[in-house]
Amino acid sequence: MTPAVGRGPPGSELRARRGRCGTQAARAVVADVVAKDAARSPKRPAQGSRRLEAAGGWAVLALVTLLSFATRFHRLDEPAHICWDETHFGKMGSYYINRTFFFDVHPPLGKMLIGLAGYLSGYDGTFLFQKPGDKYEHHSYMGMRGFCAFLGSWLVPFAYLTVLELSKSLPAALLTAALLTFDTGCLTLSQYILLDPILLFFIMAAVLSMVKYHSCADRPFSARWWCWLTLTGISLAGALGVKFVGLFVILQVGLNTISDLWRLFGDLSLSLVTLAKHLMARIVCLIALPLALYTATFAVHFMVLTQSGPGDGFFSSAFQARLSGNNLHNASVPEHLAYGSVITVKNLRMASGYLHSHRHLYPEGIGAHQQQVTTYLHKDYNNLWIVKKHNTNSDPLDPSFPVEFVRHGDIIRLEHKETSRNLHSHYHEAPLTRKHYQVTGYGINGTGDSNDFWRIEVVNRKFGNRIKVLRSQIRLIHQVTGCVLGSSGKVLPKWGWEQLEVTCTPYLKETLNSVWNVEDHFNPKLPNISLDVLKPSFPEILLESHMVMLRGNNGLKPKDNDFTSKPWHWPINYQGLRFSGINDTDFRVYLLGNPVVWWLNLVSIAVYLLLGSVLILAVQRGVCLPAEVQGLSQVLLQGGGQALLGWALHYFPFFLMGRILYFHHYFPAVLFSSMLTGILWDSLLRLCAWRLASCCSSSLARSIHVGGILSLLLGTAYSFYLFHPLAYGMVGPLAQNPLSPMAGLRWLESWDF
Amino acid sequence: MLGFLKQPLVVRADINLNVVALTGMGLLSRLWGLTYPRAVVFDEVYYGQYISLYMKRVFFLDGSGPPLGHMLLALGGYLGGFDGNFLWNRIGAEYSSNVPVWSLRLLPALAGAFSVPMAYQIVLELRFSHCAAMGAALLMLIENALITQSRLILLEALLIFFNLLSVLCYLKFSNLQQHSPFSLSWWFWLVLTGVACSCTVGIKYMGVFTYLLVLSVAAAHAWHLVGDQTLSNACVCCHLLARAVALLVIPALMYLLFFYIHLILLFRSGPHDQVMSSAFQASLEGGLARITRGQPLEVAYGSQVTLKSVFGKPVPCWLHSHQSTYPMIYENGRGSSHQQQVTCYPFKDVNNWWIVKDPGRHQLVVSNPPRPIRHGDTVQLVHGMTARLLNTHDVAAPLSPHAQEVSCYVDHNISMPAQNLWRLEIVNRDTDRDVWKTIMSEVRFVHVNTSAILKLSGAHLPDWGFRQLEVVGEKLSRGFHESTVWNVEEHRYGKSQEQRERELELHSPIQVDVNRNLSFMARFSELQWRMLTLRTDDSEHKYSSTPLEWVTLDTNIAYWLHPKSSAQIHLLGNVVIWASASLATVTYALLFLWYLLRRRRNACDLPEDDWLRWVLAGSLCCGGWAVNYLPFFLMEKTLFLYHYLPALTFQIILLPVVLQHVGDHLCRSQLQRSVFSALVVAWYSSACHVFSTLRPLTYGDTSLSPSELRALRWKDSWDILIRKY
């Protein structure tokens, strides 16, 4: 492939250096010397030696890949029980195999792939994945773990290639590869049935292909260029399809693309037509293609999951009608609401549930001591209500009466079917939302008082209209206080069975909290019609599932007095995550970064920022740098800048997030941080070597560079030897115990392995 | 030497009558009938209570912003001789005669009035024409929402004033940069920029964004300076240093100064004491200080102590025990140890007393000399009233089953051996042999047998636990959390051997005397931290709105309604100005993008000078609008229309800039220019007309008939109050 001219040290020298390095770093030095000599001579290297270089390059890549695979697949089957979040993602994989509908806060691609891997490897989806620690026994789980480890193993070669492309320096790439191979954290995270290895795979793939297509910038619209551009788009779709964290890498690619386009736009030799072609190519490959693929994963998701399952209640009535096994599937109900109908009422806010009551009273001291009214996500007999006229208690189902439809603006009474109490509200403050009024069940056998009267209104309709089941959005307005029935979405304490609070809000602003629809509808006097008409279109269900996911994500809030992981903990490796086992007899796996690697990364970021600002300042002041330093500063500022941008984009947004955070959220950033470390130390050592070469002998300078890189490589490997039990599992006394083999390694008190 | 005597003494004064006139009109519009209505209007009810507390010198904690804003409002009260005696409890309540309404409202009104000539100055300093500058000022003058907001005891007018001041000072400074760097006026404007920025931040946290905007513009200018190779390195260093001192150091110091004054002013204990740490409370006069004054400092074996949870969430509370035992079987069928309950109790109580006992000895009194307890020592904690030992064991806690139950050991259950040894860990120790100190030391109790840590779980126990808070032994302590940390609040050396005497001793109030002072920085950091983490219930409000509704003015706030007539005050903007300001912002953005793209293709439509002026105006005004508006989309608190006003002022300043640009550069012929000017005049008169139409709702001085009110309801979403007779 053609080298990028104009970035990094002069091209010919680079090519020589890159290609000729053997598997051993020592040999790389010799090669380096030769390369220098070759560069000095005006002749280009011979054809044969170039082929040799290419072969050498491939050999190193193969070695790196092999080592990565070896570490990831080593003792993959241990422990033979569920570890940490395998309980979720393994379970969701099983749902795909069983085609059962479920709800999760992440987009479906990752779980679909896990399910596919399980399916192909002969897992039948019968294992329950109940809780961490459950034994797999005869169930086949290695297919799913193997798939995750397979994707996780590619991270190292991808990072290696990316750094090679960014810095054009083999030692830098090797250092990055070593850091990632020997990081216990990346290793642990790749060995289990989790979304993270899949996510990391796509993130790295996107970055690699982006860097590759930038390196083809001098030959736009060549097959190679198109290929990498398309691959970038596909990887972006993959990253976003696994977790919303993929948005950060999209942002990174987007920023790069904008700056790239800006550069092209300033190039007056390009005609506007060419520019338009450039723009279109990027729009198609980086926006349209990922969007199409992302949508396609959802289409597959909805197509595969056709059975009703545990996720139904989170979705609207119309959505549920799609799922076979759900009572709304192919159901036929009377179309218009009439007096005497038995109904369930669902709140329109996503994941809020059905209006519910049960034979328990509000506790003493919380409003009036009357029956509780809540919203409840699951289907239950206690969700049934009877629509009655406000002023008569006669049974409207009496065949002698004609059918009378409920109309917009009617005053009605809702009687709870099981307990025969009326939906009631009064001037008492609600249990959790103090500014709202309490809603209770009141009265005996349907006889209550005027506080049981509600005016039913259809949103955006005129008076006199009938109320349609499922499709009419209704509001219930309390006659006496003028407030609106709504669900606050807050979880009641133990006495309310952790169902959601229902209040009557005096603020009449129209929000989804206070809008309801009628879902089930039973009325023997009315003809049933088929519900097929309300099958929602694909864009509608796509939108709805995203809303539900977002709300689910926002709902994951940390509780006050809990230990939670804070973003500032992460780079300093303050605290790990326990994957499996607590006691000394258990098989324990602890997700923790290799502290040597992580702290080196941390130091590197600081050093990089310092060095980078000095270089930028020097450039701005117009200081003349020697050619060698200029080349290195190019690599540092552009290649290192790319890595730093990636790290920042995958780290800082977490400070703004309100949801609960975990240690493993930092791992995308670790990848970039390790790439930065590789580039930085290689450049630093080269800089040192250059300084020394100018005053002392050049052989000493060279040995400094090689020695530095070698000691970093060996140091990382040795630290991995020390910490590998964290990932591969430990049995025996805990590290607090001086007898434990890990006793001396508990460098921070907050690590508990 | 006396050379100056040879010259005649000359005083030359350039008076810009425009500025004078604008100031006059600004004062007139903001100060006219300031004491009307003589009743609490809207959020005055909120700020007023803090003014009263300042007057009474009582400590309070308000999470809504740093103290400068509150202090400035209180300054008005101080100048008017307010004694703080008014109950701020209801909007619309009539002010009693001791409330100096005029002087309380004066400062915000002055700030609002001076914003008018400042808008004029800013546009001038941006090097646009006098006409444009007059236009900006006149728009500020007739903006109804700004008038309403300035005439009441509210903070927005002050915030806007300092926002504009920071921008103005920076512009003055940067215009001096080319001709006379390091001159006296250069320094003056530079330092004033820093001071104004710190005031902006000091009034509301939102001010940080304006500060950051000024900083980034300054940084961009400084970056050009660095690239200027005609300057020597030393000169560049001096420039950078001067900016760093004035724009970073001075604001930081000023910010500390605000808190310093705040803490000096508020030295009495008050209603929010509970939220603060014991050490902080002890530094206030009255309250805890009175109780804890003169306590022995070092906790010794035999000390009687109360232990307060440092975390204090959900409520501050003390380690507590009482006669009742855990129920044998919980509601969900799990069993308990049936031992005596240990809880955390949010009120002072005699059952909060514990005695620190040496496990090796029997006596519960302090020996002479006292033997202080150090980090790492093992202790037992004896409950004062029941003489039981604090104990934890491998039984699931009532509400947090993953943690251990903590109880006071009662010896009727033989199957459970007592496990009552606790190792003391001082969290904020300097050395490993630190002594356990009253109030100052934050300690953890680590159970010796199970290494569980005594922790406040924060859950409320059911009725059997009297709704007190649950205390557990946390086994899986993942690192440090404040809920496991306790400190000694009340403390005395125990003297009584006998249980009965001891009970009497515990009931008696403690005396003895020493005063302990907390350093200012410690108090500042604690106060600042509590203010930032104070979580108020996200209460919805009838007039709350979302940021999207602000741009189109889809919402209003009813501030006040006359108790009898239908005179009312609303926060309602001048529709014409709001719409055209937003339009101007969009126009600016489009034009900017167009020029930028054209320049990249080497087609320069504007001369270099005009372009730089255009960019600077945009980065300050558009930037000012964006930084004061966009952050609200990320905020989870209750938002109101008045939050948009600071952003609006920046838009208003941008408006004449865009108009002038269109007139100068886009109107090609003289005819076009004349037509454009005529249009501008017509547009301004329509804005004036809207102002005068909405005037009754701005000042609230005329009572309109229901039909007139209905006619004013131009948008369905506006909530104008119409009395039903």
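## Interface of domains 1 and 2 in chain A

In this predicted model, two residue pairs are in polar contact across the interface of domain 1 of chain A and domain 2 of chain A, both at pLDDT 80 or more. On the side of domain 1 of chain A that touches domain 2 of chain A, the elements giving two or more residues are α17 (627–651), α18 (653–656) and α19 (667–695) of chain A. The residues of that side comprise 10 nonpolar, four polar and no charged. The number of salt bridges between domain 1 of chain A and domain 2 of chain A is zero.

| Property of domain 1 and domain 2 of chain A | Value |
|---|---|
| Separation of centres, over C-alpha atoms | 28 Å |
| Residues in contact | 14 residues of domain 1, 13 residues of domain 2 |
| Area buried between them | about 1200 Å², 79% from carbon and sulfur atoms |

Of the area that domain 1 of chain A buries against domain 2 of chain A, Gln642(A), Leu649(A) and His650(A) supply 40%, more than any other three residues.

As for the domain bounds, chain A is divided into domain 1 (24–40 + 556–753), domain 2 (199–301) and domain 3 (327–541).

A separate site is Glu415(A), which lies in strand β6 (residues 411–416) of chain A. Glu415(A) has a relative accessible area of 5% and therefore counts as buried, the cut-off being under 20%. The side chain of Glu415(A) makes a polar contact of 2.9 Å with the side chain of Lys388(A).

Methods:
Residues are numbered from 1 along each chain as its sequence is written. Chains are lettered from A and ligands numbered from 1 in the order in which they are written. This is a predicted model: local features need pLDDT of at least 70, side-chain atom pairs count only at pLDDT 80 or more; totals for chains, interfaces and linings use all residues. Side-chain values use heavy atoms; hydrogens and water are left out. Helices (H or I, at least four residues) and strands (E, at least two) are DSSP runs, numbered from the N terminus. Buried means under 20% relative accessible area, exposed over 50%, partly exposed in between (1.4 Å probe, protein chains only). A polar contact is a pair of N or O atoms within 3.5 Å; within protein, one must be able to donate a hydrogen and the other to accept it, and residues adjacent in sequence count only if both atoms are side-chain atoms. Domain bounds come from an automatic or database domain assignment. Contact means heavy atoms within 4.5 Å. Buried area is the accessible area (1.4 Å probe) that two parts lose on being put together, summed over both. A salt bridge is a side-chain nitrogen of Lys or Arg within 4 Å of a carboxyl oxygen of Asp or Glu. Ala, Val, Leu, Ile, Met, Phe, Trp, Tyr, Cys and Pro count as nonpolar, Asp, Glu, Lys and Arg as charged, and the others, Gly among them, as polar.
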